[in-house]
Amino acid sequence: MTNLYDFTVKAQDGSDVQLSKYQGKILLIVNTATGCGLTPQYEGLQKLYDTYHDKGFEILDFPCNQFLNQAPGNADEINTFCTLNYQTTFPRFAKIKVNGKEADPLYDWLKSEQKGPLGKRIEWNFAKFLIDQNGNVIKRFSSKTEPETIVTEIESLINDK
């Protein structure tokens, strides 16, 4: 697979979601966790979503329990936590693995497109990948990058439409 739109992922309910449905959108793909010191980034992510969603921006949230079991619970529990505590409204998918032999193929592809501080490994929860309207990985942001600091990159893609 050579394009983001070739991938199919699992929705929270286990049904298949073809990423081609996001063709033409600017995407921020994030592996998240509900019990992490970085969990408050959900607030910043929601602010980005509220600000830019009407301009063709989507956030795709992939819960991941690989880092010290910081995303416990099932899909309903994770969704309830995020909705109640951070009022998130962006799409959330089924829990995945982002590293190792069981890594989701989407994340294997993302990591091959943009290496991070640990090479092809995701370093922690809340690593972020910015995708342009054509499905290309534009930039990878570390887990510690606060969502509000990537506004310039998002606006640049919006203005390039």
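Predicted model: local features only at pLDDT ≥ 70, side-chain atom pairs only at ≥ 80, totals over all residues.

Reply: Start with the open sheet: four strands in the order 4-3-5-6, with mixed pairing. Strand 4 (57-63) and strand 6 are the edges, each pairing on one side only. From one strand to the next, the twist averages 15°.

Me: In which sense do strand 3 and strand 4 run, and how many bridges join them?

Reply: The general idea is that strands of a sheet pair through backbone hydrogen bonds, either parallel or antiparallel. Here strand 3 (residues 26-32) and strand 4 run parallel, joined by seven bridges. Thr32, for instance, sits opposite Pro63 in strand 4.

Me: And how do strand 5 and strand 6 pair?

Reply: Strand 5 (residues 128-131) pairs with strand 6 (residues 137-141) in the antiparallel sense, over four bridges. Look for Phe129, whose bridge partner in strand 6 is Arg140. The two strands make a hairpin with five residues between them, and Gly135 in the turn has a positive phi of about 85°.

Me: Now the helices. Which residues of helix 3 are buried?

Reply: As background, an α-helix has 3.6 residues a turn, so residues three or four places apart point the same way. In helix 3 (residues 105-113), the buried ones are Leu106, Tyr107, Trp109, Leu110 and Lys111. Their cover includes strand 1 (8-10), strand 3, strand 4, strand 5 and strand 6. At the start of helix 3, a side-chain oxygen of Asp104 comes to within 2.8 Å of the backbone nitrogen of Leu106.

Me: Where does helix 4 lie?

Reply: Helix 4 (residues 151-159) lies across strand 3, strand 4, strand 5 and strand 6, running at about 15° to strand 5.

How values were computed: Residues numbered from 1 in each chain as written. Heavy atoms only, no water. Pairing = 2+ DSSP bridges. Axes fitted to C-alpha atoms, helices over the stretch in contact; angles between N-to-C directions. Contact = heavy atoms within 4.5 Å. Buried < 20%, exposed > 50% of the residue type's maximum accessible area, 1.4 Å probe, protein only. Polar contact = N/O pair within 3.5 Å; in protein donor to acceptor, adjacent residues only side chain to side chain.
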